[in-house]
Amino acid sequence: MNKKNIVIIGLGGVGGYFGFKINETNRIENLHEVSFIARGETYQVVKEKGLTLISSEHSSQKTRPNALYQDILNIASPDLVLICVKEYDLEHVCKQLVKVISTRTILLPLMNGADIYERIRMVIPNNTILPSCVYVASHIQQKGIVEHKGKRGKLFLGRDPENFSENIDWVVDFLNNCGIDFDFKDSSLTDIWTKFIFIASFGLVTAKHNSSIGAVCNDELQKKEAIDIMQEIKLLATAKGILLDKNIIPKTFEKASSFPPETPTSLQLDLNSKKMNNELELFAGAIITYGDKLNIKTPSTQKIYKEIRAYNY
């Protein structure tokens, strides 16, 4: 494989975990140029001390990239960009990327949400974008320090529906060489929406009630609210031609039951700490927007969206 220019934007729980793996492999084999984009205090810590990943998967906890920047405009013609930012930063990041990518740059968003691919495509219409979703129990312990617990992080990615025949073998080989656990398939949309039906329903209901995953599973009212939202998401997926498991709702509750009952959700934590930047639009906003576009009613999601906004804004 020819030497590639790899860029990881965002060093939070997801970017820190996967960025560490990529950079550690490259540090040993020196096959590619790896750059990190980080801001503020994270930039300063990583610049001075390197990126730290606390994980049973790695004996060494620190790694240093070939290059570290605060500004996307400092990179030039990357071959692969891993976008690992919060959804409220996505549009700004994409507008910056337009100025530095080439036609061959491949974009791999490691983000939550059902509409991430489409939102990137609106700003960057011609490049190859690989729809994906991630499962990883990692979080920022301190700026520049990411802690990972539990199972290995797993990535699901698929071909770009708009550039289906694009040869991305080198990306698959690259991820494999970095020791990243992933499933690659022609379409990853079922995986993305399967995750979305879980994170959106549980996120919205726990945020409304300031509760936990266990409470949504066991409280009659909260469980019904979650089921109503899941049913609306199922209707949207069907209208978009995305096939979800016919037992997706009970399987989602089965998955939720595998978490410790007191487990919070990120939306619940953010909203109840009065954090203005949060995932409300990523979840409820996306469902309502898709409903409007597809002429599908989403009353349960609209109701909980209004209730959350009335309480938190």
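C217 counts as buried, at 14% relative accessibility. By buried I mean under 20% relative accessible area, with exposed over 50% and partly exposed in between, using a 1.4 Å probe and protein chains only. Before going on, two notes on the source. This is a predicted model, in which local features need pLDDT of at least 70 and side-chain atom pairs count only at pLDDT 80 or more, while totals for chains, interfaces and linings use all residues. Residues are numbered from 1 along each chain as its sequence is written, and side-chain values use heavy atoms, with hydrogens and water left out.

Back to the cysteines. How many disulfides does a search of the whole structure find? The search finds zero, where a disulfide is a pair of cysteine sulfur atoms within 2.5 Å. C217 is in no disulfide, and the nearest cysteine sulfur, in C133, is 20 Å away. C94 is also buried, with a relative accessible area of 1%.

Next, the strands. There is an open sheet of four strands in the order β4-β3-β11-β10, and its pairing is mixed. Strands here are DSSP runs of E of at least two residues, helices are runs of H or I of at least four, and both are numbered from the N terminus. Two strands pair if DSSP finds at least two bridges between them. β3 (residues 51-54) runs parallel to β11 (residues 145-148), with three bridges between them. In one of these, T52 has I145 of β11 as its bridge partner.

A residue in another strand is S35, in β2 (residues 33-37). Is S35 buried or exposed? S35 is buried, at 8% relative accessible area. Beyond its neighbours within four places in sequence, S35 is in contact (heavy atoms within 4.5 Å) with N5, I6, V7, I8, A67 and Y69.

Last, the second largest pocket. Among its 17 lining residues, A114, Y117, E118, P131 and L189 are the closest to its centre. Helices α4 (116-123) and α6 (189-209) each give at least two residues to this lining.

That is where I will stop.

Definitions and conventions
On a 1 Å grid over the protein atoms alone, a cavity is a set of points where a 1.4 Å probe fits but cannot get out, and a pocket is an open set with protein on both sides within 12 Å along at least five of seven lines; lining residues have an atom within 4 Å of a point.
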